[in-house]
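Have a go at each task before reading its solution.

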Amino acid sequence: MANPNSLPLYEKYWYKHNYKRVLDSFILILLLLLLGYRIISINNYSFHWFVALICELWFTLSWVFTISTQWNPALIKTYPHLLLQSVQELPPVDLFVTTADDELEPPIITMNTVLSLLALDYPSHKLACYVSDDGCSPLIFYALQESSKFAKHWVPFCKKYKIQVRAPFRYFCDDECTTNNEEFNHEWLRMKRMYENLSHKIEVDPKSIPSLLEGEFDVFSNTQRTNHPTIIKVIWENKEMVEDGLPHLIYISREKRPKQPHHFKAGAMNVLTRVSGLITNAPFMLNVDCDMFVNNPNIVQHAMCILLDSKGEKEVAFAQCPQQFYATLKDDPFGNQMTILLKYLGAGLAGLQGIFYGGTNCFHRRKVIYGLSPDDVENVSKEVVKSVVDALEGRIYSPNDINVTKAVEEATQVACYGYEYGTGWGKQVGWIYGSITEDVLTGLTIHKKGWRSELCTPDPVAFRGCAPIGGPTSMAQHKRWATGMLEIFFSKHCPIFGTIFGKLSFRQFLAYMWIMNWGFNPVALVCYSCLLPYCIITNSNFLPKDWGICIPIALIVTYMVYTLVEYLISGMTIRAWWNNQRMSLITPMNAGFCGFITILLKLLGISNTIFDITKKDIPSSSDEVQDKDASRHTFDKSLVFLPGTTILLLQLTSIFIKLFGFQPQGLSENYECGVAEMLCSVYWIMSYWPFLRGLFERGKYGIPFSTIRKGAAMTCLFVFLCRSTISS
């Protein structure tokens, strides 16, 4: 409990980007003028004119969501040096790490994240690290055991020499130690050799795992990834509760059975919450993905400034640290480093009811995650009820109350798949079920109750991870996001209901609609892109041919200059700007559109959604990847590349028809396809350069022939239908 008379532990500063407000407003005015022109141009009314009106109406609404979200940016400043003056002692924090597949998420990446957490600059007896292995992998368990041995040397080394980056694979990027301190040089070399030995042990051939299934590993002998009992193992227990020792380290693999719902990551997080509630029951919880290592060892103190502040203690549910990346590709060729997104929209969210929960790098208040009074939760064990009551009433286990080994038996029961039946878990308590983007859904549920959240951005940045590299991985991730957003919108958790019946502020509702738009905007983009070949093939127009053409020209030029200035001010290159511009078309029109189709099939009862795990690549040893091939787009046979391939073929076919005079005669000069449609089609082709190149490449850099064949068939069908409208 913070001292109400103490100085504030953090402050929020609102600021303005006046030039952005002017340009935001000017773009909105141009969009409204374009809509007005469409409406008053009665003589031009036709099917494609109407489609253009609907698309532009949605683009205008999308822009309203955007400018509302970024209109009032805020900056959070924390004062960790005042923390101990405000509270009598630092509170315990439970640390959660989640992994689900030892092939897509290599154990060495997970272990570096765990090691960085164990080495936090925070009293060790106040920390407990829980690792959830949803793949029930003996390799993960083995890697944790070996990492705990290394941690006994690594953690003291980091704290003694005040190392900042405490993930060994990043710290040992440099091949040589350049300091003049002989003692440090000796320790550095010893640590590096020990880490190389650890890496060699962990990177074993999975086929050799059966030889490991002895002793402590025998529990894995008859297990399958989706069919196994609960396994909870105490890797390390800080029995003496030494302040400068190692935190507790506990391995958890929840029970899974075939055809039984396990609710993906949300289910794993709820198990972690219940198990930790029985063992350590810390009032605060940090959850990170397996590839998000600690980059600032004092991050817990910064987060506690927000959560323990006299005002924040009553209002703030969670402190979210942004996702930032290492080993980035030069000029962001896949448009997924989110630098501009964080700078403007992230700060804008901080100025509203709060930033979204991002699924990782987030400090939660346990009593908020529990959500309801224990009296409203039925059929839960007495021990869990006690932990819920303790959390809601603010009682904290003292070090003498914690017996990790003794609590494991009870914890095993609450990790069983059938435990949640008849309870509020996943509905009102814990991480909320119903969407594969459980993070946004859970954060939305918290905001609907009236809680705020805060963006925590210390210097240096709190956590770093690896952005997806390659077309299939990046597209699969964005498809999952788009699908999950639409699942939320078409459910009882829709933000509209949160504003009408809950305590979600109107501006926060618009912010949530901005992110839900990741699933809707692709439909408008695909329809708008199809208008170009339609008009060229049928020799008609959907862009104005009189004075009205000045509106879209001014709109495009203003938007291009506006976004370019954002990138240049942020220290990024023109090439990075262009890469992000083209990916702002490619990603939604492929991944986003497939996400929309997926949710449409789900609503029709034809199929259900699937949680695709994002592949984590073994990290590069440098801050910026120099390999030119790494920035080339790759493809696979996934249908996620079919929309883009089809759209590219449509643009190429329509230009071929125009250049070789295969267009029909227009009704009059005022209604014929003009230069504007041709220029837009050329711009679309330029934006789809990676796909154009992929048509002629082979291997992973080429679009599979099966995808090209399907795209060509759909292109022929489109041309046939266009011709049919002419003849009719």
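The exercises below cover cysteines, one glutamine and a pair of helices.

This is a predicted model, in which local features need pLDDT of at least 70 and side-chain atom pairs count only at pLDDT 80 or more, while totals for chains, interfaces and linings use all residues. Residues are numbered from 1 along each chain as its sequence is written, and side-chain values use heavy atoms, with hydrogens and water left out.

**Exercise 1.** Count the disulfides, taking a disulfide as a pair of cysteine sulfur atoms within 2.5 Å.

Solution. The count by this rule is 0 disulfides. Take C321: its nearest cysteine sulfur belongs to C456 and lies 4.2 Å away, and C321 is in no disulfide. For C550, the nearest cysteine sulfur is that of C680, 14 Å away, and C550 is in no disulfide either.

**Exercise 2.** Locate Q145 and decide whether Q145 is buried or exposed.

Solution. Start with the helix: Q145 sits in α5, residues 138–160 (helices are DSSP runs of H or I, at least four residues, numbered from the N terminus). Next, Q145 has 15% relative accessibility and so counts as buried (under 20% relative accessible area, with a 1.4 Å probe and protein chains only; exposed is over 50%, partly exposed in between). Finally, beyond neighbours within four places in sequence, Q145 contacts E216, F217 and I235 (contact means heavy atoms within 4.5 Å).

**Exercise 3.** Describe how α2 and α11 cross.

Solution. The axes of α2 (residues 47–70) and α11 (residues 339–350) come within 7 Å and cross at roughly 65° (axes are lines fitted to C-alpha atoms over the stretch in contact, with angles from 0 to 180 degrees between N-to-C directions). The two helices are therefore roughly perpendicular (65 to 115 degrees; under 35 is roughly parallel, over 145 roughly antiparallel, the rest oblique). On the α2 side T66, T69 and Q70 meet Y344, L345, G348 and L349 of α11.
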